[in-house]
Amino acid sequence: MTATQSDLAGLSRFIFRAPSWYTSLTFAILIAAMAGVGAFDSGESMQTWRGLFFIGKDAWEGIFFIGVPTVVAAVGTSGVDRYVGGTLTPNRSSLLALVCEIIIVTIVTIAATISVFTGLGQRFVFDALVVALASVFAFRLLVVMAVSRSSLLVAAIPASLQTLAAAVLLFIYSGTLTFLSDGGPILNAYLRPYLVRADRAPAELSAISPDHFVLLGVTCVIYALGVYTFIVVVDRPWRRSLGVSVLDFIRGFIGHLAEGSRELEEFFEQLGEEAIVPVTVLSFRSSAGEKARFILPMIHPGPMGEIGGGNFPERVASRSDGLAFPPHATAGHDFNLVTEREVDTILEAADAAHEQIEYGSEATQSIQVQSGEAKMLGQGFGDDAVLVSTYAPNFADDVEYAVGLSAATEARTAGIENVLLVDAHNSNNGLDGPDLGHITPGSKRSFDMITAAGLGGEALTSANRGDLSMGVAWDETEWVPREGIGPLGIRVAVTEVAGQTTAYVLIDGNNMEPGLRDDIVSDLTGGENPLADVAEAMTTDTHIVNTVEADNQVGAAIDQGEIRELIVELTREALADVEPVEAGMAVERAEVTVFGNDRTETLASHANAVVAMGGAFAVSVTLAAMAVSILIFLFT
């Protein structure tokens, strides 16, 4: 992940799960009641029972004039929006109505306070109410257009519900109709009791006049044009560079993080490019059947949560007969799968590779080499080999696809047939720093890795060989994704060859806090009675732990001592489980749709630009629209 991508990922901290619709409505009614007590003066002291009655009356009037439009908007917006082809859910609709109610109450409260100290009178308060209702309409219009991808005119229908409901109530209970005409005999006989109810309304509403409704209509049109201008200007760079709309991204991003929807995958599909990725499978079997299976497709398990390949490790585990080990491959965010469906393609390729495996009982002792910052642990199984790369104790994040392919090719030049090249992904300093340790083609660190892979291949060709034994252990753990541990928990595989013991630790998480990897390796290989001669700790880089937090590394939220103790215990269990096994490796290629070269960086750059410049532009549009509104108010 680059610094630009980390800025984009960091935006997720502003997103939260939408509360249930009834929770939002409950808060809306409470706020309306409190606003009514403050807005409608009963003139009675709260120290008497009569005063308490009038306080209750004020609260009810607040619920009626402020809460009812909110309820209408909360209940009706999702239905109307879906009727015209939108996707707004009841939970989002209710939350939107609640936020808009708060906007109205805030603006009117500020206006009332100003009126008290300046003597501007009740009309000024209702002028501010007009601005508040128009602002709510504009805000709702922007949200509906972003979430439902409706046109301006179509989105205006559900967006207008809250403003329209409030305007209807004010029209009826202010007695505005009496200013216009007597209504004729039909109105007098049948409709007047329903359309003119000023005698049942608070006295404050008498300050409303017909021109308030005219101003409301004109102001809504001005604000709608401002919203349309904002969207067109912000959206243009996205369409030119990526061929997609920023509204599609906003809708999918909010939908996934707020309600767990799959809308974001639809957006990524529009960006995706076809790619061919190697899928490598290393299987170990005992006399009882498959004991463990390492599955390594050269994809990135992202971008977040269960979107795309974000939960790939768990999907792999459910597909394997033996204990599954899905470590991180040498691929960055450009190789995120665009949809969860693409995972099925990878799994089918893994099954095909598994069927081609030829097993043998011979393996090499493990070797360790280093070139520059890059360290490599390797072990051969027949004519094939596993190489595990790390830059610890230095910091590193994803290794680019091209770097990994080059490193694997370099290892094969020594005579190795197939290489399962793992990015241990086990030491990083979070989202700090200019480049976050990204291993890119042409960098010194990329050549360190390629050279180390070549050295590893050469060392394996001359390493001691012997019969292979293996033991495994697994603990799902009590930790949850929010604490940095995915559903696969912690898994340990121990191999024994010619008296040498090698421990492979795999944690279902996204990278590790600095120093934790070194402590784990020291726990297993140090001391008077080491559990293993060689050890390495890896993470799956699962992005299921990054639904809300962009930075959620192993060891950040959990006591590192507890993690280390559990790994030591699991390694002991794996040693007790050691038995003779056979191993074999095969590679299959899969054609999948991924984000594509430089697409992630372009997407991140555009999204960050929207945040940086869109906010300032939104303020400019808002101020311009309000300035026009003020001029209209002054000259009418």
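Biologist: How many bridges join β2 to β3, and do they run parallel or antiparallel?

Modeller: In this predicted model, 3 bridges join β2 (residues 289-297) to β3, and they run parallel. Residues are numbered from 1 along each chain, local features need pLDDT of at least 70, side-chain atom pairs count only at pLDDT 80 or more, totals for chains, interfaces and linings use all residues, and side-chain values use heavy atoms, without hydrogens and water. Strands are DSSP runs of E, at least two residues, and helices are runs of H or I, at least four, numbered from the N terminus.

Biologist: Which residue is the bridge partner of A292 in β3?

Modeller: That's L323.

Biologist: What's the strand order of the open sheet?

Modeller: β3-β2-β1-β14, 4 strands with mixed pairing; two strands pair if DSSP finds at least two bridges between them. The edge strands are β3 (323-325) and β14 (582-594), each pairing on one side only.

Biologist: Switching topic: why is β10 largely enclosed?

Modeller: Because 7 of the 8 residues of β10 (residues 490-497) are buried, the rest of the structure largely encloses this strand. Buried means under 20% relative accessible area, with a 1.4 Å probe and protein chains only.

Biologist: Which way do β9 and β10 run, parallel or antiparallel?

Modeller: Antiparallel, with 8 bridges joining β9 (residues 465-475) to β10. D475 has I490 of β10 as its bridge partner.

Biologist: And what about β11 (residues 500-507)?

Modeller: Also 8 bridges to β10, running antiparallel. V492 stands opposite V505 in β11. The hairpin of β10 and β11 has 2 residues between the strands, and A498 takes a positive phi near 50 degrees there.

How values were computed:
Buried < 20%, exposed > 50% of the residue type's maximum accessible area, 1.4 Å probe, protein only.
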